[in-house]
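Student: I have a structure open and would like to learn how to read its main features. Can we go through them one by one?

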Amino acid sequence: MDGSPGESSESGSIVSNSHSLKNGGLHDDDGCPRQVSPIRIGGSRNTSPIGCVGSRNTSPSRQRVIKTKPRGLDEETVATFGKVVHPDVQMEDNIWAMLPEDLLNEILLRVPPFMIFRLRSVCKRWNSILQDSCFLKFHSQVPSHGPCLLTFWKNLQTPQCSVFSLPLKAWYRIPFTFLPQWAFWLVGSSGGLVCFSGLDGLTFKTLVCNPLTQTWRTLPGMHYNQQRQLIMVVDRIDCSFKVIATGDIFGDRSLPTEVYDSKLDRWSLHQIMPAVNLCSSKMAYCDSRLYLETLSPLGLMMYRLDPGYWEHIPARFPRSLLDGYLVAGTQKRLFLVGRIGLYSTLQSMRIWELDHAKITWVEISRMPPKYFRALLRLSAERFECVGQDNLICFTSWNQGKGLLYDVDKKVWSWIAGCALQSYNSQVCFYEPRFDASIY
């Protein structure tokens, strides 16, 4: 029997119950110990004197068996379980159609955002309320729905989008036909907004949209309007967002860093990143700092958004690291996710956290082998990794599901769904908000 923690087996249940019977001291009338069959799981006949509720107790003590109700439930609640469910009461249209505006807002604020999105087509009044400034003000004060995963792909050049709600554990399809027909790709998401970049003919453009309100706009052209590495950050307190453009995606590091400010509606030029050779184009933003992996100089490049300059952090990477992804956690936590090992039989996926004081990577978790083999069947197979709020999601090109890891709870779980089955799908974390403005 496998004695690993967290696993239960039928034999384990037999041993536990047999042990309790032994300690209980069941005997026959002549004083000899009585042999009792173990409690079994399934449809087998149970001959244990305590195996059936209400059975006669053959112990010499002749203790009376008292049947009690479940703990925490009163008699009225227990009694309602057996009642016949009646159909819903017919709602009066003339009453519900005349609900006061503030009361309707209070009701809609308690509905999950994806359900509200579907209610837009109920009537013109509801559609207008979801765009009303009073409703958006109320909605901005409501706690976040919780983390979601947004997957984006194109089917016959038509943009497709599905969102997986982690709190509700359900997929929701969001139409993305409101976007222009460009050759664009997903940059990322922050504070309810989603950023894309791509080519409109031969012109490189960047756009920001809110999937729930179905609104979008194109950002002004950069000073050096080339295909750049981008990342977007939203400041909910200031009701603004910024887009940071680093080097050219083709390897040209001589371009200056540019930052777009939604309040100023323009790009500003900043310092050229001093790195010569980057490890990966993946970036992580946390605590008003942008991080990139670099080989020359070895370690990390950190960009401070407020002063607008780059700084080198000499944090050496773990040995035998094959590929690494920087993932931003809550507050100042920065994670490094990657494979270790040269051969497929010795490879493993590990997670490190940056010790800012010692400037070293500290290992905090390893992916269990069964998850690693299911996620990456081949040693040279590629995987993607995104993170938010101490949650890390792994996806690979040949899998129709994602693997989620909770850093705080140290729990691994699969996320199944057709939205992850497309080979060209792009994934990012997403926070659904109606009050997120594209201006």
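Tutor: Start with the overall make-up. This is a predicted model, and the accessible surface of the protein comes to about 25,100 Å², of which 54% belongs to carbon and sulfur atoms.

Student: How many helices and strands are in the protein?

Tutor: The protein has eight helices and 25 strands. Of its 439 residues, 41% are buried. Among contacts with a separation of 6 or more, 46% are between residues 24 or more positions apart.

Student: How do I read a helix? Which residues of helix α4 are buried?

Tutor: The general idea comes first. An α-helix has 3.6 residues a turn, so residues three or four places apart point the same way. In helix α4, residues 101-109, the buried residues are L104, N105, L108 and L109. Viewed down the axis of α4, these buried residues fall within an arc of 135°, so they line one face of the helix.

Student: What do the buried residues of α4 pack against?

Tutor: They pack against three helices: α5 (113-118), α6 (124-129) and α7 (133-140).

Student: Next, sheets. In what order do the strands of the open sheet run?

Tutor: In general, strands of a sheet pair through backbone hydrogen bonds, either parallel or antiparallel. Here four strands form an open sheet in the order β3-β2-β1-β25, with antiparallel pairing. β3 (170-173) and β25 (426-430) stand at the edges with a single partner strand each, so one side of each has no neighbour in the sheet. From one strand to the next, the twist averages 25°.

Student: How many bridges join β2 to β3?

Tutor: Four bridges join β2, residues 158-165, to β3, and the two strands run antiparallel. V163 stands opposite Y172 in β3.

Student: Which residues have the most contacts inside the largest nonpolar core?

Tutor: The general point is that in soluble globular proteins, nonpolar side chains tend to be buried together. The largest nonpolar core in this model has 31 residues, and those with the most contacts inside it are L150, V163, I174, F176, L179 and F196. Elements giving two or more residues to this core include helices α4 and α5, and strands β1 (148-155), β2, β4 (183-190), β5 (193-200), β6 (203-210) and β25.

Student: What is L150 in contact with, leaving aside its neighbours within four places in sequence?

Tutor: L150 is in contact with C161, S162, V163, L186, V194, Q426, V427, C428 and Y430.

Student: Which residues does the second core include?

Tutor: The second core is separate and has 19 residues, including Y325, M367, C385 and W412.

Technical notes: Residues numbered from 1 in each chain as written. Predicted model: local features only at pLDDT ≥ 70, side-chain atom pairs only at ≥ 80, totals over all residues. Heavy atoms only, no water. Buried < 20%, exposed > 50% of the residue type's maximum accessible area, 1.4 Å probe, protein only. Contact = heavy atoms within 4.5 Å. Areas by Shrake-Rupley, 256 points an atom, 1.4 Å probe, with all protein chains shown as cover. Arc of directions from axis to C-beta. Pairing = 2+ DSSP bridges. Axes fitted to C-alpha atoms, helices over the stretch in contact; angles between N-to-C directions. Core = buried A, V, L, I, M, F, W, Y, C linked by side-chain atoms within 4.5 Å.
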